[in-house]
Amino acid sequence: MKKKIQGLSVLLLLILVVLAGCSGGANTAATGEPASTKTNTAAEAAPEEAPADVEQVITTNLAGGEPYTLDPAFASDTTSYFVIGNLYEGLYTYDKAGKIVEGAASKVDVSEDGATYTFTIRDNAKWSNGEPVTAKDFEYSWKRVLNPETAAYDPSSLYYIKGAEEYNTGKGKAEDVGITAKDDQTLVVQLKSPLGFFPTIAVGTPYLPVQQSVVEGDEKWAAEASTIVGNGPYVAKDWKHNEEISLTKNDQYWDKDAITMATINFKMVQDATTYYQMYKTGDLDMILSLPVDTLDQEKSSPEFLSHPSFSVYTYSFNVEEKPFTNKKIRQAIAYAIDREVLATNVTKGGETPAYGYVPYGITAPSGKDFRDEAPEKYYEFNPDKAKELLAEGLKEEGLTSLPPVTFKYNTSDKHKKVAEAIQELLKTNLGIEVRLENQEWKTYIDTFKQKNFQAARMGWEGNFLDPLGVLAHYTSANSNNFTNWKNADYDKLIETSTYELDPAKRFEELHQAEAILMDELPIIPIQFSADTALISPKIKGIVFDTRSNPDLRFAVRTEQ
Amino acid sequence: MYIVKRLFLMLLTLWIIVTLTFIIMHAIPGDPFSNDSKTIPPAVLENMRARYNLDKPYAVQYALYLKNLLMLDLGPSIQSKTTDVNTLIARGFGPSAILGIQSLVIALVAGISLGTVAALRHNRPLDYISMFIAILGVSIPSFILAPLLIKYLAVKWHLLPVASWGTWKHTLLPSIALAVSPLAVIARFMRTSMLEVLHQDYIRMAKAKGLSGRAVTIRHGLRNALIPVVSFIGPLFASVITGTFVVEKIFAIPGIGKYFVDSIFNRDYPVILGTTIFYSVILVVTLFLIDISYRLVDPRIKLSSKGE
Amino acid sequence: MKTAFPPEQKHLFQPVSREEMPAAAIGRPSESYWRIRLHKLFKNKLAVLGLALLLIILGLAAAGPHLVPYAPSDQSLLKTNLPPSAEHWFGTDDLGRDVWARTWAGARISLLIGFSAAAIDLVLGVLIGSVAGYCAGRGRTGDRIDSALMRLIEVLYSIPYLLVIILLLVVMKPGLLTMIVALSITGWVGMARIVRGQILQLKQNEYVTAARSLGADHRRIVFKHLLPNATAIIIVNLTFSIPAAIFAESFLSFLGLGIQSPSASWGTMANDSLGVILSGQWWRLFFPGLMISLTMLSFNTLGDGLQDALDPHSKA
């Protein structure tokens with residue numbers, strides 16, 4: 001078995017083109033480029049200089065309340081990610097335009113076969129306690145995530161690395177994992193197979209570094225502001241649990257001059273009505289996820305911003321549960337749900353009707369968005385076609401009419417509203433009686449795992465910004481696929497597209513895979529979700545893109 | 001003797017509560033790990049379960065838990081990896097208790113006064129006003145009242161801060177929101193039992209003897225009318241000082257109320273048990289004190305035949 | 001001190017063997033008693049008003065949805081959030097449903113839940129509370145019964161209700177029956193504690209000793225001597241259990257235990273329209289809220305009237 005491919009000597013121009021952006025710092029991986037980045041300034045991404053007499057501070061809110069943990073190995077929710085993303089920096093990070101660029105690494109070399117990445121750590125990369133960030137820190141941190149005893153939240157994001165899955169599942173040893181610190185500056189990472197979009201994955205939270213001496217010195221190091229040591233643009237200054245956490249600029253950070261916002265205060269107000277009112281009184285400069293009932297009145301405000309997130313809201317069928325064993329009946333349902341009306345009149349938060357499974361936000365090699373590149377808009381509202389398909393489907397099943405079907409959803413105001421609207425749409429357009437049932441999330445997931453449903457709501461956020469990030473959920477082996485749907489062609493396309501290095505070919509395969517998924521229709525995409533926000537006019541330059549949280553580093557306060 | 005017996009019974013009750021809660025929480029589906037953005041692959045899940053001893057048989061987990069409990073260790077929170085349950089409770093109990101006690105005082109003082117005044121002014125405007133307040137207080141629950149209070153008192157009129165914690169001013173709105181419903185109940189109880197007492201012969205007798213109206217009510221009436229109020233506030237005390245989920249959430253109070261609900265939705269087993277035990281201890285002790293206080297209110301009451 | 005009993009109850013002191021006593025009379029005074037009390041109740045204008053209000057609400061719950069051409073679940077996504085008008089008397093909600101139709105369709109569920117809760121309170125709460133209160137201090141067995149019941153109440157208070165609900169959801173199908181089971185588990189404990197407290201106090205009165213020495217058995221003492229004197233407090237507590245149950249229903253339905261969409265209830269309507277506090281479509285919250293308050297009002301005035309009418313000390 002070949003173990004370490006030294007990629008240093010074989011850095012070829014060809015590879016640079018293929019994996020655009022893995023070296024030099026200016027470019028980005030072909031798939032990692034966000035198609036739509038918004039800042040809350042009118043048009044330009046770079047806002048004016050910070051006025052000298054205005055204190056650069058922003059107060060925003062964590063709608064999830066207290067972050068469960070600020071240790072990147074265990075973080076599992078967007079609330080924790082929001083804070084963690086400002087405290088630590090991986091080998092890759094995002095620039096002002098939302099592109100993936102080198103972070104703690106100054107240089108990345110990729111081997112000829114695309115399977116070995118050699119990272120050079122920056123000379124001036126430092127921890128917030130002043131000690132240098134080394135390649136060993138990364139080796140330690142990644143292996144810590146993979147160590148089965150750590151029981152980290154998302155080790156599977158590292159499974160692309162050779163030996164990682166084996167180590168994590170107890171079948172291999174730590175020494176055999178393809179993560180090696182050759183010296184303090186050089187980290188060599190060997191992947192299982194060449195992976196064109198590795199940067200898109202390696203920018204994720206599980207890949208963030210922690211300092212070994214800190215972690216091993218104090219079991220509860222991540223529980224208090226004073227003991228957290230990071231290498232990111234900010235340090236935790238004050239953490240009043242369940243109340244507020246304040247971050248200030250890390251003066252050890254290698255790129256501190258680029259950071260304009262000096263202080264970020266995160267309040268922890270979970271109730272949407274309350275944080276909305278706190279925004280109205282000026283207690284908060286920015287809030288995310290507005291209460292649904294305020295969308296009508298805020299939509300036209302210059303302070304309002306809605307941005308697509310990389311997630312899709314779906315209803316899944318259980319394809320082994322009658323009547324949804326029948327493809328035509330599934331398709332009939334899809335045609336009968338008017339997604340346009342759901343987005344504009346029901347959810348109202350700037351969601352886009354989903355006429356396909358992969359959300360907007362991925363630029364294909366052709367330069368167009370993946371979604372716009374798709375051969376067709378799948379299942380645009382067509383009640384006549386729906387009736388036709390239903391009739392055909394019923395005939396195939398030997399039925400005269402469809403018995404009542406049960407749609408399940410997990411307990412939430414929004415899901416309830418969407419479910420009620422779908423119930424009525426199916427009644428009006430197809431004459432189907434839909435019963436609704438809801439359960440709280442953990443019971444719901446269990447119901448799902450036991451395949452105890454006919455049709456049920458589900459929405460997965462993309463694990464990373466690539467069509468695979470969502471399409472991979474429906475391979476037969478994926479732990480998120482509860483539909484009983486299995487398709488060998490689909491599995492094969494997903495497999496080959498994972499390791500295909502030619503972006504154009506790769507995207508073609510991904511489109512084929514999506515076409516199969518849409519034709520077979522084990523899931524109906526309802527809408528592509530959107531994040532809503534209100535931002536004070538005094539703050540400029542907050543970057544919003546398909547990442548789950550806005551980027552506050554480059555924001556500027558123009559007035560006190 | 002009675003007290004020793006009660007103490008033993010308290011421990012027995014606590015043990016039953018822990019055991020039943022343990023059984024129910026493991027009987028319901030779900031695990032503490034999968035969240036709403038992804039499900040965990042089986043192998044990874046196994047690692048997590050092992051770390052928190054969830055892979056062991058229930059009997060072993062139960063024994064381990066009781067062993068730690070005897071040393072007053074409530075275990076780690078699975079959800080917030082770096083914090084243990086003792087710390088969660090220690091951090092949050094202060095704010096919850098302050099709000100709870102403040103709201104109880106408001107409810108008691110205002111409720112008893114309102115009820116007494118209503119009874120003394122039976123079928124007159126003050127009586128009707130008290131009924132009106134009682135009806136509003138109970139038919140506008142805190143989850144509706146709290147945002148209304150914020151909208152008018154904080155946002156429109158800028159009298160008080162919207163939410164969060166810090167100064168005494170921050171505690172006012174949540175205390176009011178918490179107090180309104182018990183205030184209404186206490187006022188109605190008070191009015192009703194006062195009316196009854198006022199009809200009793202000894203009150204008429206006292207009046208006939210020439211005692212003034214106020215002295216009569218305070219000496220005799222109030223004391224006797226307190227029994228239902230005392231019965232009512234026992235469990236209420238235990239629940240408000242350990243925090244209320246709705247009010248703490250709406251006003252962003254760093255209390256422990258949220259853990260009672262969040263821990264269940266998250267299947268954070270040690271937090272479920274820890275908060276339950278904490279609440280039960282306060283509850284059984286309070287109810288014990290209430291039983292004793294019945295005697296203080298009315299010395300004729302006997303709770304145990306031993307005293308006969 | 002003279003006897004605490006009104007003259008019409010004097011005959012109760014005659015020893016009557018259980019066999020000769022008609023079953024209905026065990027807990028109920030004679031008919032003439034009720035006639036007098038009813039007469040007194042109807043003389044109370046507020047109580048009559050409360051009764052009338054309750055009848056109107058019940059009538060509209062039956063007929064209301066049929067007075068408009070919209071079914072409670074009919075949506076019109078182009079006519080959402082319309083204020084009250086000649087077309088939609090109570091306006092429309094965020095899915096364009098007619099709030100009038102939903103309010104009265106919802107009344108059926110909410111009133112049913114309210115009455116069920118009151119029934120549970122009356123049956124379980126009063127029974128358990130009076131048994132515990134009466135047994136306390138009556139020898140070892142009595143103490144044990146009281147203690148066991150009180151420990152049961154402590155356990156029921158302490159086990160997280162939400163856990164029990166989730167368990168119920170797993171073992172039972174959602175629906176009204178499940179809802180009523182859920183309400184029965186803990187709905188009665190408050191009443192039981194209050195009744196126990198009352199009984200503890202009342203049984204110290206001389207008339208109880210008198211009745212006992214005249215040969216009345218335990219059941220008689222509890223039902224004829226103790227409970228009638230606790231009626232006022234029981235009625236007050238009952239009126240509070242109704243709105244509490246109406247809101248508990250909305251919480252249980254939200255969790256998926258109770259009624260499911262598109263059915264409405266006052267509680268779920270109020271719960272779903274909390275956002276209007278920010279956005280101003282007051283009618284979505286106001287009308288269901290008003291109906292809960294009016295129901296409360298009618299029960300309160302009726303309760304007050306009953307309390308006056310049943311007061312053993314007042315003259316008919």
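Q: How many residues of chain C are in contact with chain B?
A: Contact means heavy atoms within 4.5 Å. In this predicted model, 57 residues of chain C are in contact with 69 residues of chain B.

Q: What area is buried between chain C and chain B?
A: Buried area is the accessible area (1.4 Å probe) that two parts lose on being put together, summed over both. Here the figure is about 5,500 Å², with carbon and sulfur atoms giving 66%. On the side of chain C, C:Leu163, C:Arg193 and C:Ile277 lose the most area to chain B, together 12% of what that side buries.

Q: How many salt bridges are found across the interface of chain C and chain B?
A: A salt bridge is a side-chain nitrogen of Lys or Arg within 4 Å of a carboxyl oxygen of Asp or Glu. The rule finds 3 salt bridges between chain C and chain B. One joins C:Arg196 to B:Asp291, the closest N and O atoms being 3.0 Å apart.

Q: What are the corresponding values for chain C and chain A?
A: For this pair, 28 residues of chain C are in contact with 29 residues of chain A. The two chains bury about 2,300 Å² between them, 49% of it on carbon and sulfur atoms. The count of salt bridges is 4; among them, C:Asp272 meets A:Lys416 at 2.8 Å, N to O.

Q: Which conventions apply?
A: Residues are numbered from 1 along each chain as its sequence is written, and chains are lettered from A in the order in which they are written. Local features need pLDDT of at least 70, side-chain atom pairs count only at pLDDT 80 or more, and totals for chains, interfaces and linings use all residues, while side-chain values use heavy atoms, with hydrogens and water left out.
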